[in-house]
2 protein chains.
Amino acid sequence: MSENAREAILEAARRTAQAHGYGGLNFRDIGAEVGIKAASIYHHFPSKADLGAAVAKRYWENAAEALEALSTAIGDPTKALQAYPGLFRRSLEEDNRMCLCSFMAAEYDDLPDPVKTEVQAFADVNVAWLARMLAAASGSGSECETKARAIFAAVAGAQLIARSRASLDLFDTLIVSFRESGLIPA
Amino acid sequence: MSENAREAILEAARRTAQAHGYGGLNFRDIGAEVGIKAASIYHHFPSKADLGAAVAKRYWENAAEALEALSTAIGDPTKALQAYPGLFRRSLEEDNRMCLCSFMAAEYDDLPDPVKTEVQAFADVNVAWLARMLAAASGSGSECETKARAIFAAVAGAQLIARSRASLDLFDTLIVSFRESGLIPA
DNA sequence: CAAGTCCTATCTAACAGTTGGTAGGACGGG
DNA sequence: CCCGTCCTACCAACTGTTAGATAGGACTTG
């Protein structure tokens, strides 16, 4: 139960943070979920800030992997772009949770610096992937990164709004709307 | 100092909530900002939930007024639509704050029911106004409300992302991108 | 007018619970 | 025996909330 516990802590913390944010993280609840006492978590993470940063880092690393998997599995960049919002949909499917980094973007003022860094990395990873897909799909454009940022922001916003209604349908409708307007290539 | 104190409390709570969310609200800090002790706030609001609901309600009421003022001042609905993101920009201008209700949308799981209601009212007010402008601008369409929701979500997302970089420029760029893609009428 | 009564707005003081974090010991496997 | 892992027990800070007191003004009443 060495690396096992660490993994379990990270996983429990991620799930909690996706529903209640960084501020909603607390050692006792995480411990209870893992089957460990709160104080024991300090054996794996020296502080809450470190745990938060570790969670956020793992989060964007997993996102990066998922994006790579998506683009290699689908091949066609336009179709990969169409599948992109599905990743955000999955968080909503998991008990109406939201993207960890969107939540933390809201909490930005109260985040320890190391956590802020990881949150930004998540956005960077997404924008970079989107820009690559856009470039591959339309064969050009220095504005690819700008467009990528717009797609990222819009999808994050759709998730936020849909969450406040606990409605997957609303999320789907919003994405369709983005597609019809031309924000996301069709 | 009767209604005066109540006003001051609401104002301080709004400013705090726009930066730290509902969870970031606490009676002692609000009291200190107003120049009153925490316990005295209970003379004006029976509980934190009530204060939160009052703040959120006033927030969307003010938003509704601002939207009316915008559309009557500008006249042309297309130009009013173009000016819409400016309202969200203003929050960022005020010390990188964000829309109260976007923040609370993230905190949705932890919100008392009366607060949830007011948060949704804010979204409704925005969508209704946007739908009206869209209908007036393009003379038609039952999908106006759908489009309105998409614009609302995208602008909220842009604000969220821009906040996490503390960058007004980023916000402006995102809005321009929405306009160029056709999401917001040009 | 004076005295008594009430209301409003605020205070001090404390409560019970929760938080992040620390100190020091128990215990099992190599 | 010692090291990795976990524990119990605690602390100080902070939370929402309550109880009870106080100061001052307004109203009523003798």
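Which residues in α6(B) meet α9(B)? Keep in mind that this is a predicted model. From α6(B) come B:P85, B:F88, B:S91 and B:L92, and they meet B:V155, B:Q159, B:A162 and B:R163 in α9(B). Sort the residues of this contact by type and you get 5 nonpolar, 2 polar and 1 charged.

Now for the geometry. In general, a pair of packed helices is described by the angle between their axes and the distance between the axes. Here, helix α6 of chain B covers residues 85–93 and helix α9 of chain B covers residues 144–163; their axes come within 10 Å and cross at roughly 25 degrees. Angles under 35 degrees count as roughly parallel, so α6(B) is roughly parallel to α9(B). As for handedness, the crossing of α6(B) and α9(B) is right-handed.

Next, step out to where the two chains touch. The contact takes 38 residues from chain A and 38 residues from chain B. On the side of chain A that touches chain B, at least two residues each are supplied by α1 (3–20), α7 (100–106), α8 (113–138), α9 (144–163) and α10 (168–181) of chain A. The most come from α9(A), with 13 residues. By type, this side of chain A divides into 19 nonpolar, 13 polar and 6 charged residues.

And how do the copies relate?

Key
Residues are numbered from 1 along each chain as its sequence is written. Chains are lettered from A and ligands numbered from 1 in the order in which they are written. This is a predicted model: local features need pLDDT of at least 70, side-chain atom pairs count only at pLDDT 80 or more; totals for chains, interfaces and linings use all residues. Axes are lines fitted to C-alpha atoms, for helices over the stretch in contact, and angles run from 0 to 180 degrees between N-to-C directions. Helices (H or I, at least four residues) and strands (E, at least two) are DSSP runs, numbered from the N terminus. Angles under 35 degrees count as roughly parallel, over 145 as roughly antiparallel, 65 to 115 as roughly perpendicular and the rest as oblique. A crossing is left-handed if the near helix is turned anticlockwise from the far one by less than a right angle, and right-handed if clockwise. Two residues are in contact if their C-beta atoms, placed from the backbone, lie within 7 Å. Ala, Val, Leu, Ile, Met, Phe, Trp, Tyr, Cys and Pro count as nonpolar, Asp, Glu, Lys and Arg as charged, and the others, Gly among them, as polar.
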